[in-house]
Structure formats: structure tokens, C-alpha cells
Amino acid sequence: MSGSIQDTFFEECEELLEATDEGLTAIEGGDHNPEVVNAIFRAVHSIKGGAGAFGLDDLVAFAHRFETVFDEVRSNRLDLDEKLIQLLLRSSDHLSALVEVARDGGQIDEPHHDTLLAALDEYIPEEEEDLTFEPMGLGGPAPMMDLGGLGGVPAKPQEETYRIRFQPLKEMYGTGNEPFFLFQALKDLGDLTVKLDENELPGFDAMDMDEAYLAWDLVLITKEPRSVVEAVFEFVEGLCELSIAGDGDAEAEANALAALDAMFSAPPLPEASLEAAAAAEGEAPAAPFEAPVPAPVPEAKPAAAEEKASAPKAESGKQEQRGGPKPTLRVELERVDRLINAVGELIINHSMLAQQIANLNVSDTRDVETELEGFKNLARDIQEGVMAIRAQPVKPLFQRMARIVREASAATGKTCKLVTEGENTEVDKTVIERLSDPLTHILRNAVDHGIEKPEDRESAGKVRTGEIRLSASHRSGSVCIEIRDDGAGVNRPRVKQIAIEKGLIPENAELTDGEIDNLLFAPGFSTAKEISNLSGRGVGMDVVKNAVTGLGGRINISSAPGKGSTFTIILPLTLAVMDGMVVSVADQTMVVPITSIVETMRGSDDMINSLGADGTLLSIRGNFVPICDVAGALGLYRGSDQQAGVYLLVETETGQRCALAVDDIHDQRQVVIKSLDGVCGEIPGVAAATILGDGKIAMILDPESIIAASPTAAAFDTERRMSNAS
Amino acid sequence: MKTKVLAIDDSRTIRNLLAATLEEAGFEYHCAVDGREGVDMYPDVDPDVVITDINMPNLDGFGVIEELRGHGINSKVPILVLTTESAPELKARARGAGATGWITKPFDDASLIFALKRVTGAAA
Amino acid sequence: MQAEVKQTDQEVKHAEHSEFVSFTVATQAFCLKITQIREIRRWSPVTILPHAPADVLGVMNLRGAVIPIYDLSARFGLQQTEASERNVVIVVSVHGKPVGLLAESVSEIISINPDDIQDTPPVDSRNTMEYIQGIISHDDTMVRIINLDAVISAPEQVMP
């Protein structure tokens with residue numbers, strides 16, 4: 001976060017778009033509460049306001065149209081029928097797209113943009129459209145527009161003398177306008193002479209506190225154009241009698257009067273007020289102002305004032321009952337990350353301290369150990385607290401996914417709806433960010449390949465609208481994201497056939513249902529017969545799987561023919577720490593994630609069985625499991641005194657088991673994850689690094705990719721399939 | 001003495017824009033995130049001028065003007081409304097409620113300062 | 001690449017008297033501008049990066065940051081250094097990231113008049129022209145000025 005105002009705008013847009021989405025989802029669900037409609041109106045309005053400040057014209061124009069339709073809805077001039085709701089949903093999606101384009105660059109989808117604008121226009125009455133885009137009813141250029149370069153305007157070189165007669169009506173004093181300030185503003189424009197005309201002032205006894213008796217005659221010599229002089233009086237138009245006469249320029253005067261006339265007859269002021277103003281001109285300025293001014297002046301009409309006072313009170317009373325949101329604090333992400341790093345250091349520091357105390361050879365360290373334990377617990381507390389700051393609800397992510405499903409449905413001609421659950425589940429911010437692409441892909445896939453066409457669903461005895469359920473929950477220290485569709489399920493014969501065609505499995509392979517389903521994740525697998533414009537973008541589910549494993553997570557699929565498929569993604573709660581088993585391999589200390597380890601065992605020679613030339617299997621209670629030597633997979637060489645004698649039994653996503661051979665195991669501990677991004681390229685078999693108690697760096701291994709790199713394990717897997725087939 | 005501005009707007013972007021411009025120009029800037037907060041803050045801040053948005057949750061801009069003016073004692077404090085369009089009926093309604101003037105969004109620094117100048121006499 | 005080297009060359013020349021740290025790599029003398037160096041540490045065993053090229057020795061913990069360590073000698077196409085306690089790691093910042101360079105030993109700080117820097121004479125070596133930005137004569141020894149940006153390419157390209 002650089003803290004620039006434009007950054008704030010885009011951040012705020014995210015929140016506003018979220019609010020819009022949320023509101024529309026509520027409306028879609030049948031909640032037509034006026035406050036919901038109002039909230040959406042305000043959100044879109046704020047986007048427009050901010051966009052205007054940064055000159056984002058496309059965004060302003062679209063938000064304006066969108067907002068106008070909402071204004072119609074909240075004024076009860078439009079019914080929220082299904083067709084309109086769908087249009088509003090699509091418009092909201094497009095608004096998000098426009099914000100993205102404004103922020104990240106890129107092209108807006110012009111045809112789509114125009115289609116939506118036209119569709120929205122159909123809901124906007126003609127005059128409404130005209131009115132809102134009309135500039136102020138001034139004859140000349142609208143003063144506010146002119147002011148951009150005040151002071152820097154290429155002013156006419158010669159000076160002009162303006163004689164100004166300014167006589168406030170009493171109404172002006174109720175609006176907080178002060179003649180004195182107006183004169184100060186005039187004085188800035190040039191040479192000003194002010195003469196007070198107090199002729200109308202009655203005797204002291206006849207004086208009415210609320211009346212306006214004073215008038216001023218001003219002479220202004222300035223190089224500024226007339227429009228700037230007039231602009232000074234912009235706020236008091238209609239609240240005073242004003243004449244501005246350019247010296248010896250009758251024509252200009254006539255123009256000015258015409259302009260003022262035009263202004264006075266502009267829609268807001270009822271005609272009567274113009275007459276009244278005209279009448280007042282001829283009479284004493286103290287004449288009662290009877291014309292229906294736009295709103296009653298408080299002092300003049302106590303009854304009306306009372307009414308008015310009570311109205312907002314009732315409203316505010318209602319508002320106050322609504323519990324306000326919990327107070328929050330906005331913090332730059334970088335600061336939190338610095339804190340997280342510092343806490344990580346603190347934990348490493350603790351283990352270093354503990355190790356050094358252990359090395360001290362002091363007989364009684366009990367007291368120190370107690371204190372150290374306290375240190376450790378405090379560090380953990382701080383760590384949990386800091387991690388909690390990074391945790392965010394998955395709600396915004398899920399809301400974006402609703403849009404993905406809508407777009408995908410529209411593109412494929414299917415009807416589906418996304419149902420979300422557990423939106424308030426909190427997950428690390430980075431996890432949420434990096435989940436966006438895989439989820440998008442899975443959902444597109446679910447719409448494209450999972451959900452059937454409405455007719456097909458009907459003939460299968462299902463409701464026409466497909467349902468995709470996206471849920472998030474916490475499960476014993478992990479986050480579980482589930483995507484469940486009620487579509488046709490994985491077409492297993494087809495999947496298997498493709499896998500055979502692509503040489504992913506031997507022709508005679510005998511696979512379990514689960515194994516076939518998992519073929520979807522195999523690199524180079526894609527079920528789309530032709531490149532559909534949705535999921536078939538050249539990336540397969542293997543990319544999804546890589547993204548998930550890149551986050552230290554796992555993904556599973558289960559499917560029931562005719563009933564649908566479920567993808568389950570299990571992710572660590574945080575990316576910053578994990579529980580690991582510290583092992584040594586060829587003189588190097590490494591860490592294996594605890595989550596992937598099923599059991600550990602010390603091997604003896606009689607447990608090892610050779611298979612072929614260089615394959616080895618470990619026999620565990622009668623079962624044979626391929627051995628994968630970690631040193632070999634990482635290209636490390638053992639010294640003559642070292643040998644792999646300890647096995648970590650791990651299980652892969654496909655349910656395949658493998659024994660990772662390491663030299664020794666030490667202990668199990670929480671480690672701080674240090675990314676290797678930017679330090680080196682991707683290393684097969686290595687997920688990240690960590691810093692151990694002695695200050696040394698240790699690689700954190702990725703068992704899946706180690707197994708993939710191991711010839712034995714891969715070969716065994718194929719062999720098993722072959723043997724199953726025969 | 002710096003001129004005190006109380007800005008009431010639910011948009012963080014607009015608040016930041018106002019803050020940047022006003023603080024740069026030497027005004028003392030206070031802000032509230034909705035109409036209710038603005039009215040509540042008013043006595044404490046005791047501003048020389050109020051700038052308020054129209055469309056806000058928890059009391060809109062008209063409500064702000066009416067409540068501030070409704071106290072009677074505040075008939076003097078200038079209140080400028082922020083409007084997106086220069087829609088005449090909005091201005092008329094705001095003025096009817098007692099607004100002093102208006103600022104059209106998007107505003108630039110010069111027009112904002114000029115508007116403040118005309119209602120407070122202060123350039124800062 | 002050539003053009004870039006030229007430009008840096010130019011910059012060096014127009015500078016006032018600058019301080020350089022000279023050190024030896026495979027018995028040859030090299031130097032780096034003192035402002036490019038963040039710190040110099042004694043060598044301690046690094047953690048091996050699996051599958052890394054020969055000139056990437058591994059990674060080291062620099063106050064909580066994981067930084068890669070390069071063997072300058074291997075990088076220059078000279079023989080690999082058998083790293084020991086006597087060797088030093090020169091920590092520099094390249095592309096905004098700290099990187100450690102293994103050198104045999106640090107010699108001294110020398111003050112160089114930019115006008116004394118000579119262009120690298122053309123030699124038939126795959127890396128020399130890129131990695132060496134100029135040469136100077138100091139105490140009758142030829143000292144090579146390292147073009148850091150060329151020696152350490154952007155992190156993404158370190159390991160293909």
C-alpha cells in the first residue's frame with residue numbers, strides 16, 4: 001500500500017463492490033428492503049464520485065447509469081423483477097471489470113459495455129437522463145467548470161470596471177452566507193471599493209431582527225472575466241438582488257441579466273419566487289417574502305420548523321438502534337509482515353537460546369528452563385495474534401466466485417447458481433489471494449463440464465438449475481474449501497480413454513474409481529474435446545493442483561456418476577509457520593511437513609526387498625511400499641559413513657504410499673517458513689526453507705515432488721497398475 | 001488561527017482528497033464518516049465551515065443540514081454540500097434546508113478553495 | 001548488454017575519486033565499489049541448494065533473510081573454490097536483493113581516480129567482457145572492476 005489517494009480509491013472500490021454484490025445477492029434472495037437498495041445506491045454512487053475525481057470516464061458513465069436505475073428502484077418507480085435483477089447482477093460484474101481495467105490497465109469489453117448501457121437505459125426515463133447530465137442552467141459557461149485554473153486563467157489583458165449592486169434578502173442570512181466573505185473573495189480578483197447603503201435601515205424601534213435592511217454598492221476593477229465575478233455570487237443566487245454592470249458595456253450587461261434570468265427560472269425555483277423577487281424589487285426590501293421558497297425558513301414558521309425537527313429525529317432514533325460496526329484499524333500490510341518476520345525471528349531466537357543453554361554444561365538449568373518455557377509461550381501468543389491480523393474472511397473471494405459462475409453460465413448457456421457457506425471463515429490473506437485462480441478454474445470447470453444443460457437435467461429428473469456449493473470451514477488446524485456440484489459427475493470411461501490416448505496410463509491399466517478421478521489432475525490431461533472458450537484455455541486441473549500444493553495444501557476429488565463431483569481443498573491456516581519433522585539427509589538438515597507423514601520407522605535390512613535392478617521396496621507389516629531415497633531425488637551424495645536407515649511413510653494425493661529414506665530423524669517442531677522466491681528458481685523436491693535453532697538454513701521438502709522425481713516410486717506405481725490389469 | 005473544516009462523507013476516497021487539498025492549503029481538517037457522526041462531532045470540533053456529502057448512511061446530507069440549522073444557534077456556520085452532478089433540484093433542496101453553497105464532484109483544488117473562500121473569507 | 005556496460009563504465013569515469021574494496025578470487029585481483037558492499041563476513045558452511053549449478057554454493061542466514069551464495073571463481077569460469085574458514089563472503093545488493101559472493105580473501109581499500117580506469121582489452125573469453133567493467137593498475141598489479149549486474153543476473157534466471 002503506497003498510501004496514495006488513488007490506491008485508497010481502489011481499495012475502497014473493492015469494499016464498495018463487495019457491498020454492492022452483497023446487496024444484490026440479498027435482493028436476488030428476495031430481500032427487497034429499502035435499506036438494502038439504498039446501500040447499493042450509495043456504494044455505486046461513491047464509486048462514481050471517486051472515479052470522477054480521477055477522471056475515469058468509462059467508470060463514471062457506467063456507474064452513473066447503474067446508479068440512476070437504482071435511484072428509480074428506491075423511488076419505487078421500478079419493480080425489481082427477475083429480469084432487472086439479472087441485469088443489475090451483470091452490471092455489478094461489469095462495474096468490477098471496469099474498476100479492474102482502471103486499476104490494472106487492459107481493455108474493456110466494448111460490446112458488452114454497450115449492451116449493458118443500452119439495457120440499463122431502457123429502465124431510465126427520458127427526462128431523468130437529460131436532467132442529470134445537464135450543466136447548471138447558466139447562460140454562460142458554468143462557473144464551477146471555469147474555475148479550474150483560477151489565477152492561472154489566461155485572463156484578458158485589459159482591466160474592466162464592474163459596478164455591483166448587492167442587496168441580500170433575509171433568506172440569505174439563514175444559509176450561512178456572509179456578505180463580508182463574498183467581498184473578500186471579490187477583493188482577491190482585483191481592486192474593490194465597498195460602499196454600504198443603509199438607507200433602508202428603519203429607526204431602532206421599528207427594526208426587526210430577522211429582516212434584511214442593508215445593501216452594498218461595489219466597484220470592482222479586475223482583469224478577470226465576468227463569469228468569474230459572477231461565480232463569486234453563485235451561492236447567493238436567488239437569495240439577493242444582484243446587478244453586475246460592466247463599465248460602458250451595455251451589451252454585456254444585457255447578457256448578464258439574461259444569464260441571471262435564465263438562472264432564476266431554472267427548474268428548482270418555482271416561478272412564483274421569480275415574481276416575488278421581481279415584486280420585491282419595486283417595494284421596500286423589508287416586504288414580507290410570501291412566495292413559496294423551496295423550504296420554509298425556520299424562524300418564520302415555527303410550526304414547520306417543529307415538524308422538520310421531529311422528522312429527522314425519528315429517523316435518527318431508528319438509525320441509532322442499529323449496532324455500529326466494530327471499530328477497525330487499517331494497517332499497511334507491510335507493517336504486519338514486518339511484525340510477522342520479527343516474531344518468526346523471536347521464535348528462532350528462542351530455539352537458539354535453548355540450544356546454547358543446553359550446551360552450557362550447567363548442572364541445574366531448571367529455573368532457566370522455566371523462564372525459557374514462558375518466553376516460548378509468549379512468543380507463540382504474539383505469533384498467533386499477529387497471524388490473526390493477516391486472517392481475513394473468505395467472503396470477498398466467494399463473492400467474486402459468484403460472478404465467475406454467472407459469467408460461465410452465460411457463456412455456456414447453462415443455468416446454475418452458486419450457494420456459498422462459511423463465508424466468514426478466516427484464512428491468511430495470501431492464501432485467499434492465491435486461491436482465486438484455482439477456484440476460478442474449478443468453478444468454470446464445474447459449469448462447463450459438471451453441470452448438464454437444462455434439458456438434460458430435466459430428463460435426468462433433476463431441477464433445471466444446477467447448483468454449485470462453495471463452502472469453507474476450519475478443520476483441526478487446517479482450512480477446508482469444498483466445491484460441490486450436482487452435475488453429471490466425472491465421466492470415468494471417457495477420462496480413462498483420454499488418459500490412455502495421451503499415454504498417461506498403459507492401455508490395460510486397471511484403475512479404481514478414485515484413481516480415474518485423480519487423472520484429472522495429471523499434467524497434460526484435459527477432457528475438453530474441443531477448446532471451449534471457458535475452461536479449455538490450455539491449462540488443466542494440474543495447474544490447479546500445483547497452485548494448491550504451492551500453498552502447502554492438498555486437493556482431492558470425489559465423484560458420483562449422475563450426482564455430481566466434489567473437490568476438497570485442504571490448506572494450512574497460515575503460510576508462515578508449519579509443523580515439521582527435522583531430518584538429516586547426506587549431512588544436510590531438512591524439514592518434512594508433518595501433515596504428509598503417516599508414520600516413521602527405523603528400517604532393518606530384512607525389511608528391504610530389491611525389485612529389479614535398482615528398485616527397492618520396504619515391507620511394512622506384510623505390505624510392500626516403494627522406497628524413495630531423498631538424497632538421490634535431490635541429487636545429494638552421501639559420505640561413506642552415512643546411510644539411509646530411517647523411513648518416513650508418506651501418502652500422496654492419489655493414495656499412493658511411499659517410504660522416504662533419510663539418514664536420521666531428530667525432532668518435531670514448528671518452523672518458520674521462508675520463501676525461496678527471488679533467492680533461486682524452483683527446486684524440484686523443495687517447497688521452501690526455514691531457519692533452525694542453530695541459525696542454519698534448512699530446506700523444507702515437498703514429498704510429492706520428491707516421489708515424482710524418484711524413478712523407483714514412479715516405476716512401482718506403473719508396475720502395480722500393470723499387475724492389477726493382468 | 002487555522003480555519004477549521006468538518007468534512008462529512010462516507011467515501012474514504014473523497015475524505016482523503018479533501019484532507020490532502022485542505023491540509024495542503026493550511027486548513028485544519030476534521031472528518032466524519034456519515035451524517036450521524038458528523039452531527040455528533042459538530043459541537044466538539046466547532047468548525048468554521050462544514051462540507052457534507054448528500055448520499056450517506058445514518059443520516060444523509062439534508063438531514064445534517066437540517067439538524068445543524070435546526071439547533072437555531074447554528075444558522076451562521078457555512079455548510080457546503082458535495083454533489084456529484086450539478087443537478088439544480090439537489091442544490092435547491094440543499095439550499096432550502098439551509099445549505100450555504102455547494103461543491104460539484106469531481107472538484108479540483110482551486111474550486112474547492114474558492115468555494116471555501118466565499119463562505120468563510122479564508123483561503124486557509 | 002554491451003551498451004549497458006558502456007554506460008556504467010561512463011558513470012564510473014565521471015565520478016570523483018572513489019573507494020574500492022579489492023579482494024582475490026583464484027589468485028586474481030578484483031574489486032568492487034565500496035558503496036556496493038553491504039558487509040563482509042567470514043565464511044561459514046552454507047546450506048546446499050539441491051540441483052543448483054556449480055557456482056551456486058547454497059544459501060545462508062543473514063539476520064533472518066535467506067540469501068544465496070555464489071562462488072565468484074566458478075562464476076568467472078576459474079576453478080571452484082574449496083571454501084574454508086579463511087575465505088570471506090562479500091554481501092552485496094543486486095537487483096534490490098542481498099547476495100553473498102565467496103572470495104578468497106579481502107586485500108585492502110583502494111582509492112581510484114576514475115581517469116585511471118582502463119577499458120577491458122578485448123580477450124577471447126566467454127564471460128570476461130561481460131563480467132569485467134574495467135581494469136586499473138594498483139601497486140603494479142592489475143585489478144579487475146566487477147560488473148555486478150552482469151555477474152548476478154536477475155534472481156529468476158539464476159537457475160534455469
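**Walking through a predicted complex**

Chain B holds 5 helices and 5 strands, where helices (H or I, at least four residues) and strands (E, at least two) are DSSP runs numbered from the N terminus. This is a predicted model, in which local features need pLDDT of at least 70, side-chain atom pairs count only at pLDDT 80 or more, and totals for chains, interfaces and linings use all residues. Residues are numbered from 1 along each chain as its sequence is written, and chains are lettered from A and ligands numbered from 1 in the order in which they are written.

Trainee: What percentage of the 124 residues in chain B is buried?

Mentor: A residue is buried if 20 or more other C-beta atoms lie within 10 Å of its own, exposed if 12 or fewer, and partly exposed in between, with C-beta atoms placed from the backbone. For chain B, the buried share is 69%.

Trainee: How do helix 9 of chain A and helix 5 of chain B lie to each other?

Mentor: Two packed helices are described by the angle between their axes and the distance between the axes. Helix 9 (residues 179–187) of chain A and helix 5 (residues 109–120) of chain B pack at about 135°, with axes 6 Å apart. Axes are lines fitted to C-alpha atoms, for helices over the stretch in contact, and angles run from 0 to 180 degrees between N-to-C directions. Angles under 35 degrees count as roughly parallel, over 145 as roughly antiparallel, 65 to 115 as roughly perpendicular and the rest as oblique, so these two helices are oblique.

Trainee: Which residues in helix 5 of chain B meet helix 9 of chain A?

Mentor: Contact here means that C-beta atoms, placed from the backbone, lie within 7 Å. Helix 9 of chain A brings Phe181(A), Leu182(A) and Ala185(A), and they meet Lys117(B), Arg118(B), Val119(B) and Thr120(B).

Trainee: Which element gives the largest share of the side of chain C that touches chain A?

Mentor: The contact takes 20 residues from chain C and 23 residues from chain A. On the side of chain C, strand 4 (56–62) and strand 5 (65–71) each give two or more residues. The largest share, 4 residues, comes from strand 4 of chain C.

Trainee: What is the mean pLDDT of chain C?

Mentor: pLDDT is the predictor's confidence in each residue, from 0 to 100. It stays under 50 over residues 1–10 of chain C, and where pLDDT is low, the predicted coordinates should not be read in detail. In chain C, 82% of residues reach 70 or more, and the mean is 80.

Note on methods: Contact = placed C-beta atoms within 7 Å.
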